[in-house]
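Dear colleague,

Please find below the structure that I am handing over to you.

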Amino acid sequence: MRDANEEYVKCLRGVADKLLSVLSKWLGPGENELKENGGGDELNYLLKINYYAPCPRLDLVLGVVTHTKMSTITIFVPNQVQGFQLFKDNHWLNVKYIPNALIIHISDQLEILSNGKYKSTLHWTIVNKEMTRMSWPFLESSPDLVIGPFSKLISKDDPPKYKTKKYCDYVFCKLNKIP
């Protein structure tokens, strides 16, 4: 299992690098700016496996409340059981399972780096009455990294919308609901 996970992380590291490069180009500061300002080659990659057991009484399920991820981007592989929903245009939308596809969403650090030009994805997962749902998220974080809006995206007309702080301090504040 370890070899398979290491190969998975190696492949997703390439996907993450490409995504950050494309998102950086669209944003304007430069091809590698998102990756470099997000930690560069010192990024920590965290692989989790989420297991959602079937439950015939969905009203009894204690799950994760709606949230955004604290990392830069989130890449995950779902199994074939539906259950991932995102909030868009004041509605909860089911994300359709597509075989062999990754689900990728913008997370908090990218929203901060882009000074709000990219928005973190509000989402949650619901359980299935009859089948087990699993997902394998791949998250990036670096606890001592200082994160704030790109200076190239700040102007008199577009001041910083976020405070600059260490990622570990950001996590503490978010988990404790401190602005």
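Which residues does S120 touch, if residues up to four places away in sequence are not counted? The contacts of S120 are T68, K69, I106, S107, D108 and E111. Please bear in mind that this is a predicted model.

S120 itself is located in the loop that runs between α3 (108-113) and β7 (123-125). Its relative accessibility is 13%, and because buried means under 20%, S120 counts as buried. One of its contacts deserves a separate remark: the side chains of S120 and D108 are joined by a polar contact of 2.6 Å.

I turn next to the aromatic rings. A pair of aromatic rings is described by the distance of the centres and the angle of the planes. Searching the whole structure gives three aromatic pairs. One of them is formed by F76 and F84, with 5.0 Å from centre to centre and 75 degrees between the planes, and this pair is edge-to-face. F76 and F84 are both buried.

Another pair consists of W92 and W124. Their ring centres are 5.3 Å apart and their planes stand at 35 degrees, so this pair is tilted. W92 belongs to strand β5 (residues 91-94) and W124 to strand β7, so the pair ties together parts that lie 32 residues apart in sequence. Are these two residues buried or partly exposed? W92 has a relative accessibility of 30% and therefore counts as partly exposed; W124, at 28%, also counts as partly exposed. Ring pairs link W92 and W124 with F87 into a cluster.

The next point concerns strand β3 (residues 73-78). Why is strand β3 described as largely enclosed by the rest of the structure? The reason is that five of its six residues are buried. Strand β3 is joined by four bridges to strand β6 (residues 103-106), and the two run antiparallel. Within this pairing, I73 has I106 of β6 as its bridge partner.

Finally, D169 is found in helix α4 (residues 167-175). With a relative accessible area of 37%, D169 is partly exposed. From C-alpha to C-alpha, D169 and E7 are 31 Å apart in space, while 162 residues separate them in sequence.

Yours sincerely,
A colleague

Key. Residues are numbered from 1 along each chain as its sequence is written. This is a predicted model: local features need pLDDT of at least 70, side-chain atom pairs count only at pLDDT 80 or more; totals for chains, interfaces and linings use all residues. Side-chain values use heavy atoms; hydrogens and water are left out. Buried means under 20% relative accessible area, exposed over 50%, partly exposed in between (1.4 Å probe, protein chains only). A polar contact is a pair of N or O atoms within 3.5 Å; within protein, one must be able to donate a hydrogen and the other to accept it, and residues adjacent in sequence count only if both atoms are side-chain atoms. Contact means heavy atoms within 4.5 Å. Rings of Phe, Tyr and Trp (its six-membered ring) pair if their centres lie within 6.5 Å; planes under 30 degrees apart count as stacked, over 60 as edge-to-face and the rest as tilted. Two strands pair if DSSP finds at least two bridges between them.
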